[in-house]
Amino acid sequence: MFEAITRTAKQDLEDSLRALYPAFLEYPFPSSLDASPLRDAEKILAALKSAPLREIGTAELGQYAASAITTVGSADDFKHFLPRMASNRRSSLQSFYCATGSSGR
């Protein structure tokens with residue numbers, strides 16, 4: 001029973017993540033980031049440019065994601081990167097499946 005619920009939840013998550021990219025497509029990649037003087041906006045932006053949105057790794061997205069709401073970027077910048085940040089949460093769920101002994105399938 002648990003595996004059936006987990007399988008359904010995983011499929012729902014996958015479907016929702018696929019829908020996020022087109023939903024936020026109108027928000028373009030930022031040409032610059034407004035940031036606190038305590039943040040290196042150019043370095044963060046360079047990391048975000050290192051790969052296509054769907055392929056940006058956790059390390060590259062991390063500095064931006066950790067400060068996106070408070071000190072780096074605008075609301076539109078956040079909306080552009082939101083699908084990728086949500087996709088990274090998927091990795092966290094997979095880690096949960098491993099930690100609990102479930103395959104998540």
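A nonpolar core is a set of buried Ala, Val, Leu, Ile, Met, Phe, Trp, Tyr and Cys residues joined through side-chain atoms within 4.5 Å. The legends below refer to a predicted model.

**View 1. Overall fold of the chain.** The predicted model contains four helices and zero strands, arranged along the sequence in the pattern α-α-α-α. Of the 105 residues in the chain, 30% are buried. Among contacts between residues at least 6 apart in sequence, 64% join residues at least 24 apart.

**View 2. The largest nonpolar core.** Twelve residues form this core: Leu-33, Ala-41, Ile-44, Leu-45, Leu-48, Ile-56, Leu-61, Tyr-64, Ala-68, Val-72, Phe-81 and Met-85. At least two of its residues come from each of helix 2, helix 3 (58–67) and helix 4 (75–100). Helix 2 makes the greatest contribution, with four residues.

View 3. Helix 2 spans residues 41–48, and its buried residues are Ala-41, Ile-44, Leu-45 and Leu-48. These residues lie on the same side of helix 2 because they cover an arc of only 95° around the axis. An α-helix has 3.6 residues a turn, so residues three or four places apart point the same way. The exposed residues Glu-42 and Lys-43 are carried on the face of helix 2 turned away from its buried side.

**View 4. Surroundings of Tyr-64.** Tyr-64 belongs to the largest nonpolar core. When residues up to four places away in sequence are not counted, Tyr-64 touches Leu-33, Ile-44, Leu-48, Val-72, Ser-74, Asp-77, Phe-78, Phe-81 and Met-85.

Technical notes. Residues numbered from 1 in each chain as written. Predicted model: local features only at pLDDT ≥ 70, side-chain atom pairs only at ≥ 80, totals over all residues. Heavy atoms only, no water. Buried < 20%, exposed > 50% of the residue type's maximum accessible area, 1.4 Å probe, protein only. Arc of directions from axis to C-beta. Contact = heavy atoms within 4.5 Å.
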